[in-house]
Amino acid sequence: MAVTGILLVLFLFAHMAGNLKIFFGGATFDHYAHWLRTIGTPLLPETWYLWIQRTVLTVAVIGHVAAAAILARRARKARPVRYVHRPKVQGSYAARTMRWGGVIILLFVIYHVLDLTTGTVNPVGDEQHPYANVVADFAPGHWYVTVFYALAIVAVGFHLRHGIFSAVRTLGQQTARGERIARISALVLSVVLVAGYLAVPFAVLIGLVK
Ligand code: HEM
């Protein structure tokens with residue numbers, strides 16, 4: 001879970017940084033999106049890097065979900081007789097919402113690829129102009145899509161908060177001081193990520209990006 005999760009987190013930060021280029025204008029953003037298709041050239045043919053990245057991400061997501069299922073099964077086996085009385089509050093909100101948060105994020109990514117990669121469900125859906133696609137997505141009249149994005153981004157934040165903390169523990173962190181540092185770092189990284197992602201729809205909504 002930790003290794004596949006870290007790969008996904010690295011992608012999330014790189015993707016957030018790329019999205020923030022929207023504040024430099026349409027030409028810069030579209031140029032950046034075009035560059036994504038040419039990374040690795042001329043060593044690799046055009047779009048090869050993109051497809052390698054897509055393959056790695058897909059394998060990481062499948063590995064992450066499979067590891068979650070294996071861990072859940074192990075936990076059930078370790079305690080074949082269910083608790084008669086299960087206290088309601090167990091761990092943080094982030095920890096308790098990992099499974100359903102993960103499902104929401106997965107559904108969001110499917111919608112998101114159909115929206116901004118293939119353009120299938122986007123009001124503009126022009127592959128050559130991703131800036132126009134993003135602006136159309138978060139236009140006030142399309143508020144339900146903005147709400148869906150915002151909810152998914154917050155779900156990513158909760159998932160990351162507990163995920164980063166657990167990954168650090170899995171990779172060997174055991175001291176009380178380290179635990180405190182891991183908890184704070186996980187919170188800070190999640191807040192930065194959520195703010196960075198939310199900045200784009202918010203900027204479109206208030207007309208800063210148009
Ligand atoms: C407001 C927030 C977001 C914006 C504005 C945004 C924008 C975009 C855009 C414009 C693309 C298409 C890039 C291109 O092919 O030219 C894209 C692709 C993608 N985004 Fe996002 N994104 C956001 C949030 C997210 C989140 C939260 C995730 C993951 C949980 C995510 C995962 C992806 C993935 C997996 C792709 C497909 C990359 C590919 O084509 O291989 N995005 N995004």
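Begin by selecting the iron atom of the ligand, which is coordinated by H15 through NE2 and by H112 through NE2, at 1.9 to 2.0 Å; donors here are N, O and S atoms within 2.8 Å of the metal (3.2 Å for Na, K and Ca), and since water is not among the atoms, sites may look incomplete. H15 lies in helix α1 (residues 2-19) and H112 in helix α5 (residues 98-117), so the pair ties together parts that are 97 residues apart in sequence. Helices are DSSP runs of H or I with at least four residues, numbered from the N terminus.

This is a predicted model, in which local features need pLDDT of at least 70 and side-chain atom pairs count only at pLDDT 80 or more, while totals for chains, interfaces and linings use all residues. Residues are numbered from 1 along each chain as its sequence is written, and side-chain values use heavy atoms, with hydrogens and water left out.

Staying at the iron atom of the ligand, display the 6 donor atoms around it: they subtend angles of 87 to 178°, which makes the arrangement octahedral (six donors count as such if opposite donors are over 155 degrees apart and all others between 65 and 115). Of the two histidines, H15 is partly exposed, with a relative accessible area of 23%, whereas H112 counts as buried at 18%; buried means under 20% relative accessible area, exposed over 50%, and partly exposed in between, with a 1.4 Å probe and protein chains only.

Next, select V65, W100, V103, L106, L107, I110, L114 and V121, which make a nonpolar surface patch of about 740 Å² (residues with over 30% relative accessible area and no salt bridge, nonpolar side chains being joined within 5 Å). A salt bridge is a side-chain nitrogen of Lys or Arg within 4 Å of a carboxyl oxygen of Asp or Glu. Helix α5 gives the most to this patch, with 6 residues, while V65 lies in helix α3 (residues 48-78) and is partly exposed at 46% relative accessibility.

Then move to F165 in helix α7 (residues 143-170), which counts as buried at 10% relative accessibility. Leaving aside neighbours within four places in sequence, F165 is in contact (heavy atoms within 4.5 Å) with L160, E179, A182, R183 and A186.

Finish at S190 in helix α8 (residues 176-205), which is buried at 4% relative accessibility. Not counting residues up to four places away in sequence, S190 touches G157, L160 and R161.

Methods. Helices (H or I, at least four residues) and strands (E, at least two) are DSSP runs, numbered from the N terminus. Four donors count as tetrahedral if all angles lie between 85 and 135 degrees; four count as square planar and six as octahedral if opposite donors are over 155 degrees apart and all others between 65 and 115; anything else is irregular. Patches are made of residues with over 30% relative accessible area and no salt bridge: like charges are joined within 9 Å, nonpolar side chains (Val, Leu, Ile, Met, Phe, Trp, Tyr) within 5 Å. Accessible areas come from the Shrake-Rupley method with a 1.4 Å probe; for residues, only the protein chains shown count as cover.
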